[in-house]
Amino acid sequence: MSRASPEPMQVVKQRRDAALTALVDSVPYIRFLNISFDRRGDELTGVLNFEQKLIGNPFLPALHGGVTAAFLEVTAMMSLNWLHLWPKIESGELDPAEMAAGHLPRHPKTIDFTVDYLRSGLPRDAYARATVSRAGRRFASVRVEAWQDNKDRLLAQATGHFLMPQGTENGEEQAKGEVAAKPT
Amino acid sequence: MGEKLDLARQMMQMIPHAQELGLKLTEIGDGVAEITMPYDTKLIGDPKTGVIHGGAVSTLMDTCCGAAVMSHPLAPGGTATIDLRIEYMRSATPGQAITTKATCHHISRNVAFVRAVAMDDDTEQPVATATGAFSVEAGF
């Protein structure tokens, strides 16, 4: 028996959940909108936990269109970052405890984001799942769908492009590159 | 003009999420609207730099575009977003308010087309631009 025995399930789950929690908790805006994430393996589902403060049309009432856009963008970005970091989390290169202490890799930056509003958002929880259509070294293209009661009756869908973090983990190379690219 | 601004401000105050973000309407009329969002740490998207999350900018853009549509002389009532595309040109400078100006440049019986620009203190280089299509509703 030369093969190493697999890690105990709770060790694997604990590591992945701790890493995800560290990523999500580091962003104040995600907490402000009260978005949480369900994880099944490497698949994430964003959950927009309904609150009265998310209302944009008090007469209907309906979720604010901006909240729907933000929820889609947060889910797209987090799903992309999660898949991007997954190998490093699994290999142990990224330590969840270090991540929780604030030592986080830079996250992708949104280049553009296009939202297609299909139905008005009801005053209740919404869910979203993203698909990374292409993950390049510099650019990524992500599709994302949101729904409320029925998965096949979408609330909105969106597609966006993201700039992947470049160079070293602390982003110094990226910062230098940005300065150099600006006309003086 | 002053009356219209007051009325529009009252409408904005009825939107819970606009209140949460502290959105302030500074100009409205003839299909043009301007709204400012003050800097707030709860809206941070990048904890390392303190830069505001793109989602908050989206909300500001969406609100401002909707206000521009409703302020158009040919708009009979409310509106809803059909499509909104946002381009993020640069990070907004931490600590500075973001101001969006939206123009409803075309309106038909059913659809209104809007363009918007978001800026911080550096008005030479926009933070983001947006283009959108909005529905034209008879009521609110």
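Analyst: The model is a predicted one, and within it 29 residues of chain B are in contact with 29 residues of chain A. On the side of chain B that touches chain A, at least two residues each come from helix 2 (16-20), strand 3 (44-46), helix 3 (54-70) and strand 5 (81-88) of chain B. Of the elements of chain B, strand 5 gives the most to this side, with eight residues, and by class the side of chain B that touches chain A has 13 nonpolar, ten polar and six charged residues. Strand 5 of chain B also pairs with strand 5 (residues 109-117) of chain A, in the antiparallel sense and over five bridges; in this pairing, Phe113(A) stands opposite Ile86(B).

As for the backbone, the peptide bond from Leu60(A) to Pro61(A) is cis, with omega near -10°, and Pro61(A) lies in the loop between strand 3 (55-57) and strand 4 (62-63) of chain A. Asn34(A), although not a glycine, has a positive phi of about 60°, and is found in the loop between helix 2 (28-33) and strand 1 (35-40) of chain A. Because Asn34(A) has 14 C-beta neighbours inside 10 Å, it counts as partly exposed. In chain B, Asp30(B) has a positive phi of about 50°, again without being a glycine, and its place is in the loop between strand 1 (24-29) and strand 2 (32-37) of chain B. Asp30(B) has 13 C-beta neighbours inside 10 Å and therefore counts as partly exposed.

Key. Residues numbered from 1 in each chain as written. Chains lettered and ligands numbered in written order. Predicted model: local features only at pLDDT ≥ 70, side-chain atom pairs only at ≥ 80, totals over all residues. Contact = placed C-beta atoms within 7 Å. Helix = DSSP H or I, 4+ residues; strand = E, 2+ residues; numbered from the N terminus. Nonpolar A, V, L, I, M, F, W, Y, C, P; charged D, E, K, R; others polar. Pairing = 2+ DSSP bridges. Buried ≥ 20, exposed ≤ 12 C-beta atoms within 10 Å, placed from the backbone.
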